[in-house]
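This report goes through a few residues and helix pairs, one at a time. Please look at the sequence and the structure before reading on.

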Amino acid sequence: MQRLALVETGLGQYDVAHQSARQALEVALASDNSFVRYHSVNRLLATLAANRLAAGDLGQATDYLAQGFAAQQEAGECVTCDVLLYPVAVPIFISLGELGQAEMAC
């Protein structure tokens, strides 16, 4: 569902993608599986941030990004998860005028 949401976002289907990713996030948060709980949550939050940024909702994109970094702190850094989180962080931080944070994310 996370990858589907990325495709839907890329196709400009922002609301459909947001719904897909939110549903998947609920499933991931409810999971007893630590792999799903840690990796899927981080990936989904990055996907949600990217979706909201593409939809023009900087406030919600920023909120999802903050949740993604919080999830990263809980789970630890993971290259395969961070590959989604950091690239979306850069344009969000630039949009917020936080160039130091954008540089860090690069």
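## Ala50 in helix α3

Ala50 is part of helix α3. The model described here is a predicted one. With a relative accessibility of 24%, Ala50 is classed as partly exposed, because that class covers values between 20% and 50%.

Leaving out residues up to four places away in sequence, Ala50 touches Thr9 and Val88. Ala50 and Arg3 are separated by 47 residues in sequence, and their C-alpha atoms lie 12 Å apart in space.

## Helices α1 and α3

Two packed helices are described by the angle between their axes and by the distance between those axes. Helix α1 covers residues 2-10 and helix α3 covers residues 34-54. The two pack at an angle of about 10°, and their axes are 10 Å apart. Angles under 35 degrees count as roughly parallel, and α1 and α3 are therefore roughly parallel to each other. Their crossing is left-handed.

On the α1 side, the contact is made by Gln2, Arg3, Ala5, Leu6 and Thr9. On the α3 side, Arg43, Leu44, Thr47, Ala50, Asn51 and Ala54 take part. By type, the residues of this contact between α1 and α3 are five nonpolar, four polar and two charged.

## Helices α2 and α3

How do the axes of α2 and α3 cross? They come within 9 Å of each other and cross at roughly 160°. That angle makes α2 roughly antiparallel to α3, because the cut-off for this class is over 145 degrees. The crossing of α2 and α3 is left-handed.

Helix α2 contributes Tyr14, Asp15, Ala17, His18, Ala21, Arg22, Ala24, Leu25, Ala28 and Leu29 to the contact. Helix α3 contributes Val36, Arg37, Ser40, Val41, Leu44, Leu45, Leu48, Asn51, Arg52 and Ala54. The residues of the contact of α2 with α3 comprise 13 nonpolar, three polar and four charged.

## The salt bridge

How many salt bridges does a search of the whole structure find? The search finds one. Asp15 forms a salt bridge with Arg52, and the closest N and O atoms are 3.9 Å apart. The pair links distant parts of the chain, with Asp15 in helix α2 and Arg52 in helix α3, 37 residues apart.

Arg52 counts as buried because its relative accessibility is 8%, and buried means under 20%.

## Ser20 in helix α2

Ser20 lies in helix α2, which spans residues 14-30. Its relative accessibility is 10%, so Ser20 counts as buried. Residues up to four places away in sequence are set aside in the list of its contacts. The residues that Ser20 then touches are Met1, Leu4, Ala5 and Glu8.

## Phe93 in helix α5

Phe93 belongs to helix α5, which spans residues 79-95. It has a relative accessible area of 8% and is therefore buried.

What does Phe93 touch, apart from its neighbours within four places in sequence? The contacts of Phe93 are Leu65, Phe69, Glu98, Gln101, Ala102, Met104 and Ala105. Phe93 and Ala71 are 22 residues apart in sequence, and the distance from C-alpha to C-alpha is 18 Å.

Notes:
Residues are numbered from 1 along each chain as its sequence is written. This is a predicted model: local features need pLDDT of at least 70, side-chain atom pairs count only at pLDDT 80 or more; totals for chains, interfaces and linings use all residues. Side-chain values use heavy atoms; hydrogens and water are left out. Helices (H or I, at least four residues) and strands (E, at least two) are DSSP runs, numbered from the N terminus. Buried means under 20% relative accessible area, exposed over 50%, partly exposed in between (1.4 Å probe, protein chains only). Contact means heavy atoms within 4.5 Å. Axes are lines fitted to C-alpha atoms, for helices over the stretch in contact, and angles run from 0 to 180 degrees between N-to-C directions. Angles under 35 degrees count as roughly parallel, over 145 as roughly antiparallel, 65 to 115 as roughly perpendicular and the rest as oblique. A crossing is left-handed if the near helix is turned anticlockwise from the far one by less than a right angle, and right-handed if clockwise. Ala, Val, Leu, Ile, Met, Phe, Trp, Tyr, Cys and Pro count as nonpolar, Asp, Glu, Lys and Arg as charged, and the others, Gly among them, as polar. A salt bridge is a side-chain nitrogen of Lys or Arg within 4 Å of a carboxyl oxygen of Asp or Glu.
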